[in-house]
Structure formats: structure tokens, C-alpha cells
Amino acid sequence: MAGIAATLIPGDGIGPEIVEAVKTVLGAMGSPFDWDLQQGGMAAIQQCGDALPAATLDSIRRTRLALKGPLTTPVGGGFRSVNVRLREEFALYANVRPVRTIIPGQRYENIDIVLFRENLEGLYVGFEHYIPIGDDPHAVAVASGVNTKAGSRRLIKYAFEYAVKNGRKKITIVHKANVLKALTGLFLEMGREVAKEYEGRIEVNDRIIDACAMQLVLDPWQFDVIVTTNLFGDILSDEMAGLVGGLGLAPGANIGADAAIFEAVHGSAPDIAGKGIANPVSLLLATGLMLEHVDRLDLAERLRAGISRAINEDNVRTGDMGGKASTQEFAAAIAKRV
Ligand code: NAI
Ligand code: MG
């Protein structure tokens, strides 16, 4: 049986190593995807002088589905973030970041929260400039955020639809409408409007961002689904990854009208690249989200159960989880369990 066509971008640093691990595990599940291998990031610059080659874009246009290893982005100068270019190119408006407890016995048990972050608007639009005073060209810095009714509604609607489809009960709209009355007030207004369409099906409340950040530490179990603007979502999703043991265990999905791109939340980890010790769980869980996206919930559940059993029953773990296994030994252990 032919698999589902999808683009595979190994990326930089530990990217190729954790992508190998994904292939090993998926191989044991009957290889549900037919990969079209493409380059991106520094690896692509070395091969063809462009961090985001036309062939890679063409491939995603064709498959509308991609799994992406982390890409190294030079700080300050150098080329523009390929991640941001991909979001814009394919209008990937929803950034979905679920966190779930995988390893019991940590600071928080039974965490299960999904965060939806608006991915194209807000303060991330980069409308920034300086105003000079006297001799100082950088005396004043100004940034403008942009939220649109259409953009907010699209993301919020996606979150509600996800909640209904996945049996979620409650959505919390996170904002700062008490101070940023226009920018995030508009988002809250759209949230309340969309909520009316789901009355009786999904419980809705709202929280101010700072109070939400505190509540996530004090009582994370009160949250089910969180929907918020770009910058707040960026910050809260890292905080939420911390609830379940860090970035190495957190997957992300970028969903758009034209394509969906799945990735680990962590970066290319240059400090451990090439050593064969990276933890592939984040990218494996991203692969799980990708399976859900193509309506293979059965395979997604099998994959998550396999990861959990290898870690918790076989006690095979990479160094960051307190074990001694290499990336490939860990992948082989998961492959046995799926
Ligand atoms: P990083 O996430 O790559 O690494 C932070 C720390 O976590 C390092 O000590 C690293 O060894 C460790 N770590 C990360 N992933 C791990 C894994 N799977 N297993 C075990 N340990 C792991 O963040 P950093 O160092 O700030 O960024 C490195 C590069 O990655 C930068 O060029 C950055 O721009 C890029 N980056 C790319 C992202 C993407 O493509 N989505 C996301 C974040 C960063
Ligand atoms: Mg971030």
C-alpha cells in the first residue's frame, strides 16, 4: 500500500540523527509516509547556496505536509529565519503545542494541555523602528503589533474545532485586554464571538496573561485548551514544556490553509550534534501530531504508547532523561514497542 506523500527536511545539527530515529520507528509501523527528502537551513546553504531552496518549497506545495528537523538560524546578521519564511509562505496561522506528561514522578503529574498560538500576527510582524534624539540614533524604540479580526477568528475557530474533534471540554482565551485594549482586546472580542457558536459544547473562560502564567505553575490541571496571541503563546508554550520536563519532550505543529509543517520545539543543539546522543522524543511526538493531522489517530496513539513503554517499562532513555542509551538504541527500543 502506498504511503501518504510528505516532505522530509532533516535540517541542521542533531536534525539528521533524530530524523533517522523517526524513520526507524515508523519503519516498525509499516512506514505510513512516503518521504520526499528535501534540504533546508545551513545544510541547504552548503548544498545549493540557499537556506530555503525552490525545490523544498515546490515539494511542500505538492505534498502540503512536512516534517522538519531543527534549522540553525544565525543571530543578528545572516539569512532570515527559514522558520518564519515557511510560516509566511504557507500562511501557517496556527501553532499547536500540546504538552503531556510522559515520564511520571516529576514535579507535576498528569499534565495534558494544548496551546494554540496565533502564528502570523501580533508583535511578531516586526514593525519596529528607532527614533533619534540629538546624537543618539537609538534614543527611542517603537514596535507596533497587528491583530486582525479575520486572523484572530481563524486561529480561535481552529482551536474550537480541534477541541470538539478531540473531546476537549474547556478553552481559556489568554490576553492582556486590560492594558492593550485594542491589540489584544480585539482578540478577546473574537474569542467571545466564536465561543457563542460552541455554547453548550465547550466551556469558555478568559485569563490575563500574567495571571495565567502564575496559574500554570500553581494549578496547571485547571487548563485544558489555551488559545492566545503570538508573543504570549511563544512564552506560555515554553513554560508549559517546563511542566513536563523541558523542550526535548515538546512537539509543535504549524497549521495553515495551504500546508501543515510539524517540528520539534527545540533547536539544532550544536553542542551535542554528531554524537548520537540526542533525544528524538520531541520529533517523534511531532510525527504523532502529523499522523493525527492525516486522520491516523490509531497510529498516533500507537506511537505515543510505544514511546511511553520504552521509557517507563523498558527503562531505555537518552542521557537528558537520565539514561545511557544512544539515539539509535532508544529508537530501536521504541520500534520494538510500537
Ligand atoms: P537548542 O534547543 O538547540 O538547545 C538548547 C539545549 O538543549 C542544548 O544544551 C541542547 O544540547 C539541548 N537539547 C536540545 N534538543 C535536545 C534533544 N533533542 N536531546 C537532548 N538535548 C537537547 O537551543 P539553542 O542552542 O538556543 O539553539 C541552537 C540553534 O537552533 C540556533 O541556531 C537556533 O536558532 C536554532 N533553533 C531552531 C528552531 C527550529 O528550527 N524550530 C527552534 C529553536 C532554535
Ligand atoms: Mg519560542
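A residue is termed buried when its relative accessible area is under 20%, exposed when that area is over 50%, and partly exposed in between. By this scale Arg192, at 48% relative accessibility, counts as partly exposed. The model in which this residue is described is a predicted one.

The overall architecture comes first. The protein comprises 11 helices and 12 strands. Its radius of gyration is 20 Å, close to the 20 Å that the globule rule gives for 338 residues, so the protein is as compact as a globular protein of that length. Along the principal axes, the C-alpha atoms occupy a box of roughly 60 × 50 × 40 Å. Of the 338 residues, 51% count as buried. Among contacts with a separation of 6 or more, 72% are made by residues 24 or more positions apart.

The surface and the charges may be considered next. The protein carries 35 positive and 40 negative charges, whose mean positions lie 4 Å apart. Salt bridges number 21 in the model.

Two of these pairs involve helix α6. In one, the side chains of Glu193 and Arg153 meet in a salt bridge with an N to O distance of 2.6 Å. Glu193 belongs to helix α6 (residues 183-197) and Arg153 to helix α5 (residues 149-165), so that distant parts of the chain, 40 residues apart, are linked by the pair. Glu193 is partly exposed, with a relative accessible area of 34%, and Arg153 is likewise partly exposed, at 31%.

In the other, Arg192 forms a salt bridge with Asp206, the N to O distance being 3.2 Å. Because Arg192 lies in helix α6 and Asp206 in strand β9 (residues 203-208), this pair ties together parts that are 14 residues apart in sequence. Asp206 has a relative accessibility of 30% and counts as partly exposed.

Is the pair formed by Glu292 and Arg304 buried or exposed? Both residues are buried. Their closest N and O atoms are 2.8 Å apart in a salt bridge. Glu292 stands in helix α9 (residues 281-293) and Arg304 in helix α10 (residues 297-312), and the pair links these distant parts of the chain, 12 residues apart. Beyond such pairs, a network of salt bridges links Arg100, Asp112, Arg168 and Asp224.

Lys176 is located in the loop between β8 (170-175) and α6. With a relative accessible area of 18%, Lys176 is buried, because the cut-off for that class is under 20%. Apart from its neighbours within four places in sequence, Lys176 is in contact with Thr184, Ile208, Ile209, Asp210 and Phe232.

Arg64, in the loop between α3 (54-63) and β3 (65-68), has a phi near 60°, a positive value in a residue other than glycine. Its relative accessibility is 45%, and Arg64 therefore counts as partly exposed. Asn315, too, has a positive phi near 60° without being glycine. Asn315 is placed in the loop between α10 and α11 (327-337), and at 55% relative accessibility Asn315 counts as exposed.

Terms used:
Residues numbered from 1 in each chain as written. Chains lettered and ligands numbered in written order. Predicted model: local features only at pLDDT ≥ 70, side-chain atom pairs only at ≥ 80, totals over all residues. Heavy atoms only, no water. Helix = DSSP H or I, 4+ residues; strand = E, 2+ residues; numbered from the N terminus. Rg over C-alpha atoms; globule rule 2.2 N^0.38 Å. Buried < 20%, exposed > 50% of the residue type's maximum accessible area, 1.4 Å probe, protein only. Contact = heavy atoms within 4.5 Å. Lys, Arg positive; Asp, Glu negative; His and termini not counted. Charge placed at Lys NZ, Arg CZ, Asp CG, Glu CD. Salt bridge = Lys/Arg side-chain N within 4 Å of Asp/Glu carboxyl O.
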